[in-house]
Amino acid sequence: MEALRILIVDDEEELVSALKERLNLRGFQARGVTTGTEALAFLEAEECDVVLLDIKMPGLGGLEVIRRIKDMKPRLQVVLLTGHGSVKSVEDGMALGAFDYLMKPVKIDSLVSVLTAAAAGRKFEAPQEGGG
Amino acid sequence: MTELTPDGPVTPGLSEGEERSLVPGRPYRRILLTATLSVSFVAIVPLIIATGINYLQYQEAFREEQSRPMVRFAANGKLALEAFLEERTAALRFVSQTRSYQELTDPSTLGEILEDMKSSFGGFSDLGVIEADGTQLSYAGPYELEGRDYGSAPWFREVIRQGIHVSEVFLGYRDFPHFVIASYRETGRGEGFVLRATIDAEYINRLVGSLLAQPGGDVFLLNHQGILQTPSRSHGEVLTPAQIPSLPFSIQTELLEIQEPELGPRLAAYTQISGSPFVLAIVSPGGTVTPGWTGLRRNLLFFLFGSTILILAVVIWGSHWMVGRARNADIARAAVYHRMEYENKMAALGRLSAGVAHEINNPVAIISEKAGLLKDLLLLSEPLPPKEKMLDLLDSVVRSAERCGGITHRLLGFAKHMQVQTETIELDQLLVEVLGFLEKEASYREIKIELDFPEEAPEIVSDRGQLQQVFLNVINNAFAAVDDGGRIQIGIIEGEPGTISVWIQDNGVGIPEEHMSHIFDPFFTTKKGAGTGLGLSITYGIVQKLGGDVSVQSQVGVGTRFILTFPIGKPEN
């Protein structure tokens, strides 16, 4: 089975590096960036299955990033990562088309299953894309 | 909980010590004293004046009542004495005019005339004819007074001058108190003689004594020099100065209140006996203070005393009650303020905690992932990961844990109960600490914070917790005012000697002019549903409490500048 390509976007570099390594150990092909701008640049250049996106970031915030991702690649799945249950920003993110959200600190098993489900959701939709 | 707040539980409300410090006793005692004195004064002074007027009026009425019988006695006595003297003067004049010189100088005829006068009028004791040179030619009476010279006697000179004269009482040659009625008859060309009758003082003594209607009083005659002309009961012997004040000559009856040596105050009436040198004096039997007056006076004084006590009691009770109410209201207000201040702090804390939760979740997430990765490496990879890799991960865990610790400590420092504890504070460090709470928000919102601190760290003696709250409130407001990407400048400048100012300027929306006068009012807010309206009013209250001052400059669309000025030394209160 082809490894799922994950892009981790968070302003905490240490978090990004640890998550990346753990996901890689679990058979994902994870990459990481620390700003919204970098994430968009990466997505311009490379293919990716799921984006794991922190909502609160300096500069280009998570909500703006998801809006642009959906503009750029509407079917690319985004899973939101949030530091706290600020209902408002999560709701906004979900309304912008996020697949799901996770609260920090996140359990690796939950992350794996959400990422897998998100990727599956995309795969499930793939025939429609092909047919359309 | 005790570990979190070493100074005691975080509760609103006032401890006893705080209550005392908020509501010092001294001003209330002064208010109490002022109120009691002023109200007592306006209540008691009119009472005293009214009672005094009453007292004087009653006294006047009683005196009037008392003096009326005295005046009547005096008038009756005057009439009786004047009639007595008039009769005898007329009789003497009649004799002197109707009898010839020869008849009168004949001792036997003169004796007959004396007997006639004695039987018709009474009171005459002898009769004599005196030549114009003062030699007594003839004499009828019990004494051997023929040939005596009266040329130098005062009465003799008076009778030559006036034609008729009633003398004062004197002793004369006979050495016995008597007085003289004399009539001068001119016989032609500077020649004439004096017919003189003497009247026994005893006779007029009885007459005067008979006037005494009531026992206990005194009646006597005086001359104009105050010498007693008749004996008195208690005012001296005849021909001695009377122990009673004399009055200047007056044709009317005069009343005088006199002080008797042992009897106390008495009323004395003086009246002039016309045609004589005599003044009739009557001294009232009873004191000037009658039982009726004594009773009334006692009642008046009792009324005054009782009313004063009552007024004082009511005033003292009322003042205590009112001042007590005021004090309780002040305490209640202070407690409400204290609670407001506390709730504002809790609200600020609530706002912060959301941010802090996010902030703290980042290092926790790192710890979680680093530890998870370490576990993954130990479980999933063969052989064991290199030592450096594991140490690196553990370092990261420790660093993140320290980050968490820093955040919690900052929060705890803020959550401490706001008891006024003065200490030396470096304002720039304190501001940096406060900004620590907000730096994440600043970074997310790309708000630029520019600090303009002098190189020498300015130190002030103040309360750390209160200053934190003040700066947090004002900087929070600046954050609320600016758009994302806005700018906030914070600076410290030395103000007037002994003070230091912190200014906080934003380039936000500004405060409309119509709001400027309300921004420090409690519950004034423009953040619909989001603000309590307490932040600035509490900020103002705290700054005042710390002995400082707040000023604001603002322009809509340009920004707002708050200037907080604090004394460098310890605040006075």
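**Figure 1. Helices α3(A) and α4(A) are roughly parallel to each other.** In this predicted model, α3 (62-72) of chain A and helix α4 (residues 87-95) of chain A pack at an angle of about 5°, with their axes 10 Å apart; angles under 35 degrees count as roughly parallel, over 145 as roughly antiparallel, 65 to 115 as roughly perpendicular and the rest as oblique. Axes are lines fitted to C-alpha atoms, for helices over the stretch in contact, and angles run from 0 to 180 degrees between N-to-C directions. The contact (C-beta atoms, placed from the backbone, within 7 Å) is made by G62(A), L63(A) and I66(A) of α3(A) together with S89(A), D92(A) and G93(A) of α4(A). Helices (H or I, at least four residues) and strands (E, at least two) are DSSP runs, numbered from the N terminus. Residues are numbered from 1 along each chain as its sequence is written, while chains are lettered from A and ligands numbered from 1 in the order in which they are written. Because the model is predicted, local features need pLDDT of at least 70 and side-chain atom pairs count only at pLDDT 80 or more, whereas totals for chains, interfaces and linings use all residues.

**Figure 2. Helix α2 (residues 36-45) of chain A has buried residues G36(A), A39(A) and L43(A).** These residues cover an arc of only 55° around the axis, which puts them on the same side of α2(A); the arc is that of the directions from the helix axis to the C-beta atoms. A residue is buried if 20 or more other C-beta atoms lie within 10 Å of its own, exposed if 12 or fewer, and partly exposed in between, with C-beta atoms placed from the backbone. The buried residues of α2(A) pack against β1 (5-9), β2 (29-33), β3 (50-54) and α3 (62-72) of chain A, whereas the face turned away from the buried side carries the exposed residues A41(A), E44(A) and A45(A).

**Figure 3. Strand β1 (residues 124-131) of chain B is largely enclosed by the rest of the structure, as six of its eight residues are buried.** Seven bridges join β1(B) to strand β5 (residues 191-200) of chain B in an antiparallel run, and the bridge partner of V129(B) in β5(B) is L195(B). Two strands pair if DSSP finds at least two bridges between them. With strand β2 (residues 136-140) of chain B, β1(B) pairs in the antiparallel sense over four bridges, and G128(B) stands opposite Y139(B) in β2(B). The two strands β1(B) and β2(B) form a hairpin with four residues between them, where G134(B) in the turn has a positive phi of about 105°.

**Figure 4. Four strands of chain B form an open antiparallel sheet in the order β6-β9-β8-β7.** The edge strands, β6 (218-222) and β7 (254-260) of chain B, each pair on one side only, and the twist averages 25° from one strand to the next. Between β7(B) and strand β8 (residues 264-272) of chain B there are seven bridges in the antiparallel sense, with E254(B) standing opposite Y270(B) in β8(B). In the loop between β6 and β7 of chain B lies L239(B), a residue other than glycine whose phi is positive, near 65°.

Technical notes: Contact = placed C-beta atoms within 7 Å.
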